Amino acid sequence: MEAFRVFRVTAVAEAFSWTGLLVGMYLKHVSHTTDAGVWLFGRVHGALFVAYLAATFWVSRAERWSLWRTFFALGASIPPLTTLIFERWVTRRRPAAEPATATV
């Protein structure tokens, strides 16, 4: 699987897990109904956070990102949902793939 595709999938999944964790924290700390959301999404988000970091290093090396772009990609994993913003930004700035040529 292509490094950039793995990066995009993990960036989106990490953002969705952040959303689940935020909902779980609301249910636990504000409405005091259950802590199951924090229990479940805490684990899911932790795994996806590590997967996002690994995918960032992989795509950074594969696509020869600058140190600054890599730094901002890693920093995007800290605030909630920022991986989505960074993923959209870097996708728009990525050069278009060259069309495949038929070889006979």
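The model is predicted: local features need pLDDT of at least 70, side-chain atom pairs count only at pLDDT 80 or more, and totals for chains, interfaces and linings use all residues. Residues are numbered from 1 along each chain as its sequence is written, and side-chain values use heavy atoms, without hydrogens and water.

**Surface patch**
- W39, L40 and V44 make up a nonpolar patch on the surface. Together they have about 290 Å² of accessible area (Shrake-Rupley method, 1.4 Å probe, only the protein chains shown count as cover).
- V44 sits in helix α2, residues 36-62 (helices are DSSP runs of H or I, at least four residues, numbered from the N terminus).
- V44 is partly exposed, at 34% relative accessible area (buried is under 20%, exposed over 50%, partly exposed in between; 1.4 Å probe, protein chains only).

**F4**
- F4 belongs to helix α1, residues 3-29. F4 is buried, at 4%.
- Leaving out residues up to four places away in sequence, F4 touches V59, E63, W65, V90, T91 and R94 (contact: heavy atoms within 4.5 Å).
- F4 and E63 are 59 residues apart along the chain, yet their C-alpha atoms are separated by 8.1 Å.

**Helix α4**
- In α4 (residues 82-92), the buried residues are T83, F86, E87, V90 and T91.
- They lie on the same side of α4, because they cover an arc of only 130 degrees around the axis (taken from the directions from the helix axis to the C-beta atoms).
- I85 and R92 are exposed on the other side.
- Cover for the buried residues of α4 includes α1, α2 and α3 (67-75).

Note on methods: Patches are made of residues with over 30% relative accessible area and no salt bridge: like charges are joined within 9 Å, nonpolar side chains (Val, Leu, Ile, Met, Phe, Trp, Tyr) within 5 Å. A salt bridge is a side-chain nitrogen of Lys or Arg within 4 Å of a carboxyl oxygen of Asp or Glu. Helices (H or I, at least four residues) and strands (E, at least two) are DSSP runs, numbered from the N terminus.
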